[in-house]
Amino acid sequence: MIVTLIIICEVGFWVLLAGGLALRYLAGMRRLGAAVLLLEPLLEVVLLVVTAVDLRNGAEPDWKHGLAALYIGYTVAYGHYTVRWLDGHAAHRLAGAPRPPKPPRYGAARARHEAMLWLRTLLGAAVAIGLLQLAIGYVGDANDTGSLTAWQGTALRAAGIHGVIALTYVLWPKKPPVDSGGPTRVERPERLTKR
């Protein structure tokens, strides 16, 4: 049941996102579109409540409960970022707004961008680990909570791997291509024609 609910929440996220953006930019109902977008966090609240009730009703803690915690953590960390990114692109394509800026590609600016993304991953991992710890305390010692503890390790590993990747942008920053300053195309001499 929990896995089905996670899938429903993910599909619901994209349906609400598409509906909210369509109302904002295609139907011209900006406030209603914003209200629909604000409904998205309710999906995670429903998932959290159902997961807690499932555990309280005696369900054996397993990978499904851990996956639910990671999903909620990811949504807390990246949900608003994703909505804002897609909103900027929808405004550009559907309402004539300027194109949203692309993330930096080179140097220290790229390293800062990657560090900010890693901080989001760290936040998601912290939320998931916290929820899993609450679930461990909620269930108590009566049940085996090893699966939930293992998911805490998974969240830490994901944050660690992303941290190493972000660190590579600091240690080995990508440099912009070198501009030679010469002409961009080969100039040909004009042909002499006989008269």
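The model is predicted, so local features are given at pLDDT of at least 70 and side-chain atom pairs at pLDDT 80 or more, while totals for chains, interfaces and linings use all residues. Residues are numbered from 1 along each chain as its sequence is written, and side-chain values use heavy atoms, with hydrogens and water left out.

## Overall fold

Let's begin with the whole chain. The protein has six helices and zero strands, where helices (H or I, at least four residues) and strands (E, at least two) are DSSP runs numbered from the N terminus. Along the sequence this gives the pattern α-α-α-α-α-α. The radius of gyration is 24 Å, well over the 16 Å that the globule rule gives for 195 residues, so the protein is more spread out than a compact globule. That radius is taken over C-alpha atoms, and the globule rule is 2.2 Å times the number of residues to the power 0.38. Along the principal axes, the C-alpha atoms fill a box of roughly 100 × 45 × 25 Å.

Of the 195 residues, 32% count as buried. Here buried means under 20% relative accessible area, exposed means over 50%, and partly exposed lies in between (1.4 Å probe, protein chains only). The accessible surface comes to about 13,000 Å², and 66% of it belongs to carbon and sulfur atoms. Such areas come from the Shrake-Rupley method with a 1.4 Å probe, and for residues only the protein chains shown count as cover.

How are the contacts spread along the sequence? Among contacts with a separation of 6 or more, 73% join residues 24 or more positions apart. A contact means heavy atoms within 4.5 Å.

## Helix α5

Helix α5 (residues 107-139) has 33 residues and reaches 48 Å from its first C-alpha to its last, close to the 48 Å expected at 1.5 Å a residue. The expected span is 1.5 Å times one less than the number of residues. Just after α5, G140 takes a positive phi of about 85 degrees.

## Salt bridges

A search of the whole structure finds three salt bridges. The term stands for a side-chain nitrogen of Lys or Arg within 4 Å of a carboxyl oxygen of Asp or Glu.

| Pair | N to O distance |
|---|---|
| D87 and R24 | 3.3 Å |
| D62 and K64 | 3.4 Å |
| R110 and E114 | 2.9 Å |

What does the bridge between D87 and R24 tie together? D87 lies in helix α4 (residues 63-95) and R24 in helix α1 (residues 2-26), so this pair ties together parts that are 63 residues apart in sequence. D87 is buried, and so is R24.

R110 and E114 both lie in helix α5, four residues apart, about one turn of the helix. An α-helix has 3.6 residues a turn, so residues three or four places apart point the same way. Both R110 and E114 are buried. In the remaining pair, K64 counts as partly exposed at 25% relative accessibility.

C9 has its place in helix α1 and counts as buried at 2% relative accessibility. Leaving aside neighbours within four places in sequence, C9 is in contact with L43, L47 and Y71. C9 and Y71 are 62 residues apart in sequence, yet their C-alpha atoms are 9.5 Å apart in space.

G12 also lies in helix α1, and at 17% relative accessibility G12 counts as buried. G12 and A108 are 96 residues apart in sequence and 37 Å apart in space, C-alpha to C-alpha.

Turning to helix α6 (residues 146-171), this is where H162 is found. H162 is buried, with a relative accessible area of 17%. Not counting residues up to four places away in sequence, H162 touches Y78, L117, W118 and T121.

Q152 lies in helix α6 too, and counts as buried at 11% relative accessibility. Beyond neighbours within four places in sequence, Q152 is in contact with I129, L132, Q133 and I136.

## A nonpolar patch

Which residues make the nonpolar surface patch of about 410 Å²? The patch is made by L39, L42, V45, V49 and V53. Patches are made of residues with over 30% relative accessible area and no salt bridge, joining like charges within 9 Å and nonpolar side chains (Val, Leu, Ile, Met, Phe, Trp, Tyr) within 5 Å. V45 is partly exposed, with a relative accessible area of 45%.
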